[in-house]
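Okay, everyone, thanks for coming. Let me put the structure up, and then we'll walk through a few spots together.

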Amino acid sequence: MRRTSSARTVLAFAPLLALGLSLAACKKDAAPPEPTSSAEPVEEVSQPAPMTAEDWIRANHKDAVSSDLGQQQYAAAETDLDGDGTPEVLVYLGGPMFCGTGGCNLAVLEREGGDLIQVSETSVVQLPVGVLDSKSHGWRDLAVSVSGGGMTEGISRLRFTGSRYPGNASVEVSADAAPISKPLITEDALKPLD
């Protein structure tokens with residue numbers, strides 16, 4: 001009698017067993033399960049900090065930085081000159097290694113990854129320095145003050161040539177030009193290069 005009861009139990013579960021086997025056969029075509037994450041922490045790769053204006057000066061003007069002629073100074077501002085959404089960096093270089101009777105140097109730098117790459121460097125620039133709404137070859141024109149060194153005092157409009165800004169700010173001086181309305185680098189912005 002015991003045997004009959006076992007046989008009935010097996011017969012009662014036979015359809016369930018058949019269903020389970022058929023489902024198991026279907027799983028063979030299914031995608032393997034996603035791997036689970038390990039308990040080990042993932043090592044993050046840190047990116048170096050982007051180059052600053054001061055880093056650029058130290059890397060590109062080593063002779064001025066190491067000079068004993070006096071304290072070098074600089075001021076920097078960022079603005080998008082070429083309209084690509086990434087600001088360029090304007091660096092005004094002051095001190096005895098960068099200045100003469102007509103003014104100091106203004107470098108325009110472009111970001112490439114974390115580095116700053118020089119687009120141009122213009123001499124005989126006085127402060128303030130600003131940017132105009134007008135464009136030349138797709139880049140905004142710069143407005144810089146000029147005076148001293150025998151030049152007529154005024155505002156010089158620096159136009160991009162397609163590859164750079166002029167090397168000397170006295171190229172397009174207007175004695176009757178309006179003052180720079182929105183300066184980016186002002187006379188009080190200079191700070192020592194530490």
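So, look at Ser120: its side chain reaches the backbone nitrogen of Tyr165 at 3.4 Å. That's a polar contact, meaning a pair of N or O atoms within 3.5 Å, where one must be able to donate a hydrogen and the other to accept it; residues adjacent in sequence count only if both atoms are side-chain atoms. Before I go on, this is a predicted model, where local features need pLDDT of at least 70, side-chain atom pairs count only at pLDDT 80 or more, and totals for chains, interfaces and linings use all residues. Residues are numbered from 1 along each chain as its sequence is written, and side-chain values use heavy atoms, with hydrogens and water left out.

Is Ser120 buried or exposed? Buried, with a relative accessible area of 0%; the cut-offs are under 20% for buried, over 50% for exposed and partly exposed in between, using a 1.4 Å probe and protein chains only. Leaving aside residues up to four places away in sequence, Ser120 touches Leu106, Ala107, Val108, Arg164 and Tyr165, with contact meaning heavy atoms within 4.5 Å.

Ser120 sits in strand β4. Strands here are DSSP runs of E, at least two residues, and helices are runs of H or I, at least four, numbered from the N terminus. β4 runs antiparallel to β5, and six bridges join them; two strands pair if DSSP finds at least two bridges between them. Ser136 has Trp139 in β5 as its bridge partner. The hairpin has two residues between the strands, and His137 there takes a positive phi near 55°. As for β5, seven of its 10 residues are buried, so the strand is largely enclosed by the rest of the structure.

Now, the largest pocket. A pocket is an open set of points on a 1 Å grid over the protein atoms alone, where a 1.4 Å probe fits, with protein on both sides within 12 Å along at least five of seven lines; lining residues have an atom within 4 Å of a point. Which strand gives the largest share of the lining? That's β4, with four residues. The lining has 20 residues, and Val131, Leu132, Asp133, Ala143 and Ser181 lie nearest the centre.

Zooming out, the chain has three helices and nine strands. Of its 194 residues, 31% are buried.
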